[in-house]
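Student: Hi, could we walk through this structure together? I'd like to hear about the packing and the helices.

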Amino acid sequence: MQKRWKIKLACVLIGVMFCHIFFVKGHLLPVDAFDWLIIRDIRLPRTILGFLTGFILAITGAVFQTIFNNKLADSFTLGIAGGASLGSALAVVIGISAAVMSVAGSLLTLLAVVLLTQLYFRHEQRTGMILFGMFINFFCSSALYGLVILWPGQSRQLLNYLFGSIGTAEWQNIYVLIPVTLIGLAVLLKLARPIMIVASGETIARGVGVEQQKVEYTALIISSIMTAVLVSITGIIGFVGLIVPQFFKQTTTLLITGIVGGIAVIAADFLGNNMLTPLQIPVSVLLSQVGLPLLMMIMLKKEWKRR
(Lines give C-alpha, C1' and ligand atoms only; values in the text may rest on other atoms or scores of the structure.)
Protein backbone atom coordinates (compact mmCIF):
# COMPACT_ATOMS: atom_id res chain seq x y z
CA MET A 1 0.00 0.00 0.00
CA GLN A 2 2.78 2.40 0.94
CA LYS A 3 4.68 1.55 -2.24
CA ARG A 4 1.61 2.34 -4.38
CA TRP A 5 1.20 5.65 -2.59
CA LYS A 6 4.81 6.58 -3.34
CA ILE A 7 4.39 5.62 -7.01
CA LYS A 8 1.27 7.81 -7.27
CA LEU A 9 3.13 10.70 -5.64
CA ALA A 10 6.02 10.31 -8.10
CA CYS A 11 3.58 10.27 -11.03
CA VAL A 12 1.90 13.46 -9.81
CA LEU A 13 5.31 15.16 -9.43
CA ILE A 14 6.39 14.14 -12.93
CA GLY A 15 3.07 15.26 -14.43
CA VAL A 16 3.11 18.67 -12.72
CA MET A 17 6.75 19.31 -13.66
CA PHE A 18 6.11 18.22 -17.27
CA CYS A 19 3.19 20.64 -17.65
CA HIS A 20 5.09 23.47 -15.96
CA ILE A 21 8.09 23.04 -18.26
CA PHE A 22 6.50 22.20 -21.62
CA PHE A 23 3.20 24.11 -21.58
CA VAL A 24 4.45 27.10 -23.61
CA LYS A 25 2.17 29.81 -25.05
CA GLY A 26 -0.91 27.60 -24.82
CA HIS A 27 0.76 24.61 -26.49
CA LEU A 28 1.54 21.46 -24.53
CA LEU A 29 4.80 20.95 -26.43
CA PRO A 30 7.23 23.51 -27.91
CA VAL A 31 6.59 24.30 -31.58
CA ASP A 32 9.74 26.20 -32.60
CA ALA A 33 13.32 27.03 -31.59
CA PHE A 34 12.20 30.05 -29.58
CA ASP A 35 9.99 27.84 -27.42
CA TRP A 36 12.94 25.56 -26.70
CA LEU A 37 14.95 28.63 -25.70
CA ILE A 38 12.18 29.61 -23.28
CA ILE A 39 12.24 26.11 -21.81
CA ARG A 40 16.00 26.01 -21.32
CA ASP A 41 16.56 29.51 -19.93
CA ILE A 42 13.27 30.29 -18.17
CA ARG A 43 10.94 27.34 -17.63
CA LEU A 44 13.43 24.68 -16.51
CA PRO A 45 15.22 26.80 -13.85
CA ARG A 46 11.84 28.16 -12.70
CA THR A 47 10.45 24.64 -12.28
CA ILE A 48 13.51 23.43 -10.37
CA LEU A 49 13.47 26.53 -8.16
CA GLY A 50 9.75 26.02 -7.50
CA PHE A 51 10.32 22.44 -6.41
CA LEU A 52 13.27 23.36 -4.17
CA THR A 53 11.24 26.22 -2.67
CA GLY A 54 8.35 23.98 -1.68
CA PHE A 55 10.71 21.22 -0.56
CA ILE A 56 12.70 23.49 1.79
CA LEU A 57 9.64 25.27 3.21
CA ALA A 58 7.81 21.98 3.88
CA ILE A 59 10.66 20.13 5.62
CA THR A 60 11.74 23.13 7.70
CA GLY A 61 8.10 23.75 8.65
CA ALA A 62 7.86 20.14 9.83
CA VAL A 63 11.00 20.58 11.95
CA PHE A 64 9.76 23.83 13.53
CA GLN A 65 6.35 22.36 14.33
CA THR A 66 7.83 19.22 15.88
CA ILE A 67 10.49 20.94 18.00
CA PHE A 68 8.19 23.68 19.28
CA ASN A 69 5.22 21.28 19.52
CA ASN A 70 3.13 23.90 17.79
CA LYS A 71 1.16 23.33 14.57
CA LEU A 72 1.25 27.07 13.85
CA ALA A 73 5.05 27.25 13.87
CA ASP A 74 6.93 27.76 10.62
CA SER A 75 9.47 30.18 9.18
CA PHE A 76 6.74 32.76 8.47
CA THR A 77 4.85 32.75 11.77
CA LEU A 78 8.10 32.63 13.78
CA GLY A 79 9.35 35.76 12.00
CA ILE A 80 12.38 33.97 10.52
CA ALA A 81 11.32 34.62 6.94
CA GLY A 82 10.67 38.28 7.78
CA GLY A 83 14.10 38.69 9.34
CA ALA A 84 15.71 36.98 6.36
CA SER A 85 13.87 39.20 3.86
CA LEU A 86 14.87 42.38 5.71
CA GLY A 87 18.48 41.16 5.81
CA SER A 88 18.40 40.52 2.06
CA ALA A 89 16.90 43.96 1.42
CA LEU A 90 19.60 45.64 3.51
CA ALA A 91 22.20 43.71 1.52
CA VAL A 92 20.80 45.15 -1.71
CA VAL A 93 21.01 48.68 -0.32
CA ILE A 94 24.49 48.25 1.13
CA GLY A 95 25.79 46.24 -1.82
CA ILE A 96 26.91 43.02 -0.14
CA SER A 97 25.91 39.34 -0.35
CA ALA A 98 22.15 38.90 0.10
CA ALA A 99 22.54 35.29 1.24
CA VAL A 100 24.91 36.21 4.09
CA MET A 101 22.70 39.03 5.37
CA SER A 102 19.62 36.84 5.01
CA VAL A 103 21.18 34.09 7.15
CA ALA A 104 22.22 36.66 9.77
CA GLY A 105 18.71 38.14 9.85
CA SER A 106 17.03 34.75 10.23
CA LEU A 107 19.33 33.54 13.03
CA LEU A 108 18.96 36.81 14.95
CA THR A 109 15.18 36.57 14.62
CA LEU A 110 15.15 32.96 15.84
CA LEU A 111 17.31 33.92 18.83
CA ALA A 112 15.07 36.89 19.66
CA VAL A 113 11.86 34.81 19.49
CA VAL A 114 13.26 32.03 21.71
CA LEU A 115 14.70 34.44 24.32
CA LEU A 116 11.62 36.67 24.49
CA THR A 117 9.32 33.66 24.80
CA GLN A 118 11.37 32.20 27.65
CA LEU A 119 11.43 35.55 29.45
CA TYR A 120 7.80 36.60 29.12
CA PHE A 121 5.76 33.52 28.14
CA ARG A 122 7.42 30.72 30.05
CA HIS A 123 4.09 29.03 30.83
CA GLU A 124 2.44 29.83 27.47
CA GLN A 125 5.29 29.24 25.04
CA ARG A 126 3.07 28.30 22.08
CA THR A 127 1.27 31.63 22.29
CA GLY A 128 4.46 33.59 22.94
CA MET A 129 6.38 32.22 19.96
CA ILE A 130 3.67 33.06 17.45
CA LEU A 131 3.01 36.44 19.06
CA PHE A 132 6.64 37.58 18.99
CA GLY A 133 7.15 36.01 15.56
CA MET A 134 4.27 37.98 14.07
CA PHE A 135 5.45 41.19 15.77
CA ILE A 136 8.87 40.72 14.20
CA ASN A 137 7.27 39.99 10.82
CA PHE A 138 5.24 43.22 10.98
CA PHE A 139 8.33 45.19 12.01
CA CYS A 140 10.42 43.73 9.17
CA SER A 141 7.66 44.42 6.64
CA SER A 142 7.34 48.06 7.69
CA ALA A 143 11.13 48.47 7.72
CA LEU A 144 11.28 47.03 4.21
CA TYR A 145 8.64 49.51 3.05
CA GLY A 146 10.80 52.24 4.57
CA LEU A 147 13.77 51.06 2.48
CA VAL A 148 11.58 51.20 -0.63
CA ILE A 149 10.71 54.84 0.11
CA LEU A 150 14.31 55.81 0.87
CA TRP A 151 15.78 53.97 -2.14
CA PRO A 152 13.08 54.22 -4.89
CA GLY A 153 15.60 53.27 -7.57
CA GLN A 154 15.79 49.78 -6.11
CA SER A 155 12.13 49.48 -5.16
CA ARG A 156 11.35 46.62 -7.54
CA GLN A 157 14.18 44.46 -6.25
CA LEU A 158 13.33 45.30 -2.64
CA LEU A 159 9.63 44.53 -3.05
CA ASN A 160 10.50 41.12 -4.50
CA TYR A 161 11.62 40.12 -1.01
CA LEU A 162 8.24 41.12 0.41
CA PHE A 163 6.07 39.49 -2.25
CA GLY A 164 7.65 36.11 -2.85
CA SER A 165 8.01 34.88 -6.42
CA ILE A 166 10.00 32.34 -8.41
CA GLY A 167 9.57 34.30 -11.65
CA THR A 168 13.13 35.63 -11.63
CA ALA A 169 14.71 32.16 -11.48
CA GLU A 170 18.19 31.82 -12.96
CA TRP A 171 20.57 28.90 -13.20
CA GLN A 172 22.97 30.53 -10.74
CA ASN A 173 20.18 30.47 -8.12
CA ILE A 174 19.82 26.73 -8.66
CA TYR A 175 23.57 26.20 -8.31
CA VAL A 176 23.45 27.89 -4.90
CA LEU A 177 20.25 26.28 -3.64
CA ILE A 178 20.88 22.62 -4.58
CA PRO A 179 23.94 22.09 -2.32
CA VAL A 180 22.23 23.99 0.52
CA THR A 181 19.18 21.74 0.16
CA LEU A 182 21.17 18.49 -0.03
CA ILE A 183 23.43 19.30 2.94
CA GLY A 184 20.53 20.58 5.06
CA LEU A 185 18.37 17.58 4.18
CA ALA A 186 21.16 15.14 5.07
CA VAL A 187 21.56 16.73 8.52
CA LEU A 188 17.81 16.86 9.19
CA LEU A 189 17.29 13.25 8.10
CA LYS A 190 20.04 12.21 10.49
CA LEU A 191 18.32 14.16 13.27
CA ALA A 192 14.77 13.02 12.38
CA ARG A 193 14.47 10.30 15.05
CA PRO A 194 16.26 12.30 17.78
CA ILE A 195 13.88 15.20 17.04
CA MET A 196 10.88 12.91 17.52
CA ILE A 197 12.35 11.62 20.79
CA VAL A 198 13.00 15.16 22.03
CA ALA A 199 9.42 16.13 21.10
CA SER A 200 8.16 13.26 23.28
CA GLY A 201 9.57 14.91 26.40
CA GLU A 202 12.77 15.71 28.25
CA THR A 203 12.48 12.63 30.50
CA ILE A 204 12.28 10.21 27.56
CA ALA A 205 15.14 11.99 25.78
CA ARG A 206 17.39 11.63 28.82
CA GLY A 207 16.39 8.00 29.23
CA VAL A 208 17.61 7.05 25.75
CA GLY A 209 20.69 9.27 25.89
CA VAL A 210 19.61 12.01 23.48
CA GLU A 211 21.11 15.47 24.14
CA GLN A 212 18.01 17.62 23.91
CA GLN A 213 19.56 21.07 23.52
CA LYS A 214 22.15 19.90 21.00
CA VAL A 215 19.51 18.25 18.81
CA GLU A 216 17.11 21.21 19.03
CA TYR A 217 19.68 23.94 18.37
CA THR A 218 21.29 22.05 15.48
CA ALA A 219 17.95 21.39 13.79
CA LEU A 220 16.75 24.98 14.31
CA ILE A 221 19.96 26.52 13.01
CA ILE A 222 20.07 24.29 9.92
CA SER A 223 16.38 24.96 9.18
CA SER A 224 16.86 28.72 9.62
CA ILE A 225 19.89 28.77 7.30
CA MET A 226 18.05 26.82 4.61
CA THR A 227 15.07 29.17 4.86
CA ALA A 228 17.30 32.25 4.80
CA VAL A 229 19.19 31.23 1.66
CA LEU A 230 15.86 30.48 -0.02
CA VAL A 231 14.35 33.84 1.01
CA SER A 232 17.41 35.66 -0.37
CA ILE A 233 16.44 34.23 -3.78
CA THR A 234 12.63 34.03 -3.79
CA GLY A 235 11.44 36.38 -1.05
CA ILE A 236 8.72 35.36 1.43
CA ILE A 237 6.40 32.55 0.32
CA GLY A 238 3.99 31.61 3.08
CA PHE A 239 1.62 28.77 4.01
CA VAL A 240 3.61 25.89 2.42
CA GLY A 241 5.63 25.26 5.58
CA LEU A 242 2.55 25.82 7.69
CA ILE A 243 0.04 23.54 5.99
CA VAL A 244 1.88 20.70 4.23
CA PRO A 245 3.56 19.27 7.39
CA GLN A 246 0.16 18.99 9.08
CA PHE A 247 -0.73 16.10 6.76
CA PHE A 248 2.23 14.11 8.09
CA LYS A 249 2.62 13.11 11.73
CA GLN A 250 6.36 12.45 11.98
CA THR A 251 9.62 14.05 10.87
CA THR A 252 10.65 10.58 9.66
CA THR A 253 8.55 11.35 6.54
CA LEU A 254 10.60 14.45 5.68
CA LEU A 255 11.28 13.35 2.10
CA ILE A 256 7.60 12.81 1.32
CA THR A 257 6.68 16.06 3.08
CA GLY A 258 9.23 17.93 0.98
CA ILE A 259 8.04 16.38 -2.28
CA VAL A 260 4.42 17.34 -1.54
CA GLY A 261 5.59 20.88 -0.75
CA GLY A 262 7.47 21.02 -4.06
CA ILE A 263 4.40 19.82 -5.97
CA ALA A 264 2.25 22.48 -4.25
CA VAL A 265 4.53 25.35 -5.29
CA ILE A 266 4.96 24.14 -8.89
CA ALA A 267 1.21 23.62 -9.28
CA ALA A 268 0.45 27.06 -7.81
CA ASP A 269 2.98 28.72 -10.12
CA PHE A 270 1.55 26.89 -13.14
CA LEU A 271 -1.98 28.04 -12.31
CA GLY A 272 -0.76 31.58 -11.65
CA ASN A 273 0.88 31.69 -15.07
CA ASN A 274 -2.11 30.35 -17.01
CA MET A 275 -5.27 31.48 -15.19
CA LEU A 276 -5.29 35.11 -16.38
CA THR A 277 -2.92 35.08 -19.35
CA PRO A 278 -1.00 37.30 -20.13
CA LEU A 279 -1.10 38.40 -16.48
CA GLN A 280 1.04 36.37 -14.08
CA ILE A 281 -0.08 35.93 -10.48
CA PRO A 282 2.89 35.57 -8.09
CA VAL A 283 3.03 32.15 -6.48
CA SER A 284 2.95 33.67 -2.98
CA VAL A 285 -0.39 35.38 -3.71
CA LEU A 286 -2.05 32.22 -5.02
CA LEU A 287 -0.72 30.08 -2.16
CA SER A 288 -2.06 32.62 0.34
CA GLN A 289 -5.51 32.63 -1.28
CA VAL A 290 -5.67 28.83 -1.10
CA GLY A 291 -3.67 28.33 2.09
CA LEU A 292 -5.58 30.63 4.43
CA PRO A 293 -9.02 28.99 4.08
CA LEU A 294 -7.39 25.54 4.07
CA LEU A 295 -5.58 26.34 7.31
CA MET A 296 -8.83 27.54 8.87
CA MET A 297 -10.55 24.30 7.83
CA ILE A 298 -7.75 22.19 9.36
CA MET A 299 -7.81 24.10 12.65
CA LEU A 300 -11.62 24.05 12.90
CA LYS A 301 -11.68 20.32 12.14
CA LYS A 302 -9.19 19.61 14.91
CA GLU A 303 -11.15 21.75 17.34
CA TRP A 304 -14.37 19.96 16.38
CA LYS A 305 -12.75 16.56 17.06
CA ARG A 306 -11.70 17.69 20.55
CA ARG A 307 -15.31 18.42 21.40
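**Core and helix packing**

Tutor: Happy to! In this predicted model, the largest nonpolar core has 72 residues, and Phe68, Leu78 and Leu177 have the most contacts inside it. A nonpolar core here is a set of buried Ala, Val, Leu, Ile, Met, Phe, Trp, Tyr and Cys residues joined through side-chain atoms within 4.5 Å. Buried means under 20% relative accessible area, exposed over 50%, and partly exposed in between, with a 1.4 Å probe and protein chains only.

Student: Which helix gives the largest share of this core?

Tutor: Helix α2 (residues 33-68), with 13 residues. Helices (H or I, at least four residues) and strands (E, at least two) are DSSP runs, numbered from the N terminus.

Student: Which residues are in a second, separate core?

Tutor: That core has five residues, including Phe239, Leu242, Ile243 and Leu295.

Student: How do the axes of α2 and α9 cross?

Tutor: They come within 10 Å and cross at roughly 150°. That makes α2 roughly antiparallel to α9, and the crossing is left-handed. The axes are lines fitted to C-alpha atoms, for helices over the stretch in contact, with angles from 0 to 180 degrees between N-to-C directions. Angles under 35 degrees count as roughly parallel, over 145 as roughly antiparallel, 65 to 115 as roughly perpendicular and the rest as oblique. A crossing is left-handed if the near helix is turned anticlockwise from the far one by less than a right angle, and right-handed if clockwise.

Student: And what about α4 and α9?

Tutor: The axes of α4 (residues 98-120) and α9 (residues 212-234) come within 8 Å and cross at roughly 135°, so the two helices are oblique to each other. Their crossing is right-handed.

Student: Switching to backbone, what is phi of Asn69?

Tutor: Near 55°, a positive value in a residue other than glycine. Most residues other than glycine have a negative phi. Asn69 lies in the loop between α2 and α3 (80-94) and is partly exposed, with a relative accessible area of 46%. Phe239 has phi near 80°, also positive, but Phe239 is buried at 18% relative accessibility.

Student: Last one: what does the UniProt annotation say about residues 174-197?

Tutor: The unreviewed entry includes 174-197 among its "transmembrane region" stretches, and UniProt annotations may be inferred rather than shown by experiment. In the model, residues 174-197 are 100% helix, with the end C-alpha atoms 34 Å apart.

Notes: Residues numbered from 1 in each chain as written. Predicted model: local features only at pLDDT ≥ 70, side-chain atom pairs only at ≥ 80, totals over all residues. Heavy atoms only, no water.
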